[in-house]
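Hi,

Here is the structure I promised to pass on. Have a look at it first, and then read my notes below.

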Amino acid sequence: MTTVIKNGTIVTHDLTYKADIRIDGGKILEIGPNLSGDTELDATGAYVMPGGIDPHTHLEMPFMGTYSSDDFESGTRAALSGGTTMVIDFALPSPGQGLLDALKMWDNKSGRAHCDYSYHMAVTWWSQQVFDEMPDVVARGITSFKHFLAYKGALMVNDDELFASFQRLRELGAIAMVHAENGDVVAELSARLLAQGNTGPEAHAYSRPTQVEGEATNRAIMIADMAGVPLYVVHTSCEESHEAIRRARQAGKRVWGEPLIQHLTLDESEYFNPDWDHAARRVMSPPFRNKTHQDSLWNGLASGSLSVVATDHCAFSTEQKRYGLGDFTKIPNGTGGLEDRMPMLWTYGVRTGRLTMNEFVAVTSTNVAKIFGMYPRKGAVAVGADADLVVWDPEKSKTITASAQASNIDYNVFEGHEVTGLPRYVLSRGRVMVNDGSFDGQEGHGRFVARDANGPVSQALSAWKDLTAPRPVVRAGIPATGV
Ligand code: URP
Ligand code: ZN
Ligand code: ZN
Ligand code: ZN
């Protein structure tokens, strides 16, 4: 049974051209004019693009005394509904728990996924056991490791642990990732704010100013440079952090930055809403910023100093958010966005002229696949690639509402936003999962995607670090080794 996508315009990260696509066995078999097959999908007036890849989700994650409310079933249903055909979730060992043990927990949850998925591994504590288990994690195709510089007393690691972990990642050809906020300063500011009677959700923003993010980003970049490992900075939200990344890249360092669709399109005024629920629902780390920072992020995407747009989808219901009534530090941190990332970025990015269509494909899909070691199997419209595709109707509109969303929670941070640009068809390995707004997925269809270590960037950085490593000066009459 072959499927053909007919009469569309293919848009990739570097090309825009008219052609049909023939799919069989879940893969792209042929690209060319006038193809035919058993099933034909009409893409007249539409763009055919690689399905979105969201490299940052937290599905059914134990966090701040509860679990995030979207699991691999509802989360991947939301993803597909919005044109995203793969997610990378974070396997999160609790401090003291082994990495392989945490992986088993994530394997138990992910069996319900409608679309393909992979994991990053989080390093939430440091020990000989963590060090010893890292190669096994990489051997399973989990080749990126996240570290939290925030969440003191919970997930945070210190600089010596970060350096030890980063050095291990270099040996393994893996990618280092970091949540960059200075956790010590956030903890002190939070305590001070509470003592002064600042207990509401706006104090969450006061407790995490842009400076704490900028400092932590600079620190992580320096430590990654000393270790010789490529670094991916998650949820880059402000100019201070972007500036650090931009400067590092300009200096030849291998660093990527990931703004979220929330930070690009929502601002800090949300926290000053008189409705406590409204403000608390938008509590996430880092918090939303002002227009200066938003412009910086948009410009970074256009210029290439920022590489990816993600969601950090970590959905908590209003009831869960209310754990923090009277104490903002107890509001579970996180917002949703999986279903809305692609239409929001198209509407506020492509339709405004801030991004080209090709840049849209790069930051929502292709760059993710390249950075995280799965290109061109994912993130490409190419013969032999997985047929994870979205047929995108640039004129289709809707107003975002919680009542129509796939996510399990009772609100949507983009409620009321009108988006233009929506999927007509979404295919996961050739299977049509979304057909003109109606979901026809299949629980358990999603498969784990093992990713490569030692990608081109890791190899190049390693070669350069070897070439420029400190060497002893050989002096006549002085033995090279100690006497
Ligand atoms: O507030 C956030 N971002 N929650 C999810 C966990 C994280 O820090 O990525
Ligand atoms: Zn984070
Ligand atoms: Zn996150
Ligand atoms: Zn299937």
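A quick term to start: a residue counts as buried if 20 or more other C-beta atoms (placed from the backbone) lie within 10 Å of its own, as exposed if 12 or fewer do, and as partly exposed in between. By that count, 55% of the 483 residues in the protein chain are buried.

Keep in mind that this is a predicted model: local features need pLDDT of at least 70, side-chain atom pairs count only at pLDDT 80 or more, and totals for chains, interfaces and linings use all residues. Residues are numbered from 1 along each chain as its sequence is written, while chains are lettered from A and ligands numbered from 1 in the order in which they are written.

The protein chain has 15 helices and 20 strands (DSSP runs numbered from the N terminus: H or I of at least four residues for helices, E of at least two for strands). Its C-alpha atoms fill a box of roughly 80 × 65 × 40 Å along the principal axes.

Now to Lys146. UniProt, in an unreviewed entry, gives it the feature "modified residue: N6-carboxylysine"; such annotations may be inferred rather than shown by experiment, feature names are shortened, and positions follow the numbering used here. Lys146 sits in strand 13 (residues 144-148). Is Lys146 buried or exposed? It is buried, because 21 other C-beta atoms lie within 10 Å. Leaving aside residues up to four places away in sequence, Lys146 touches Phe90, His120, Ala122, Met177, His179 and Val234 (contact means C-beta atoms, placed from the backbone, within 7 Å).

Cheers

How values were computed. Contact = placed C-beta atoms within 7 Å.
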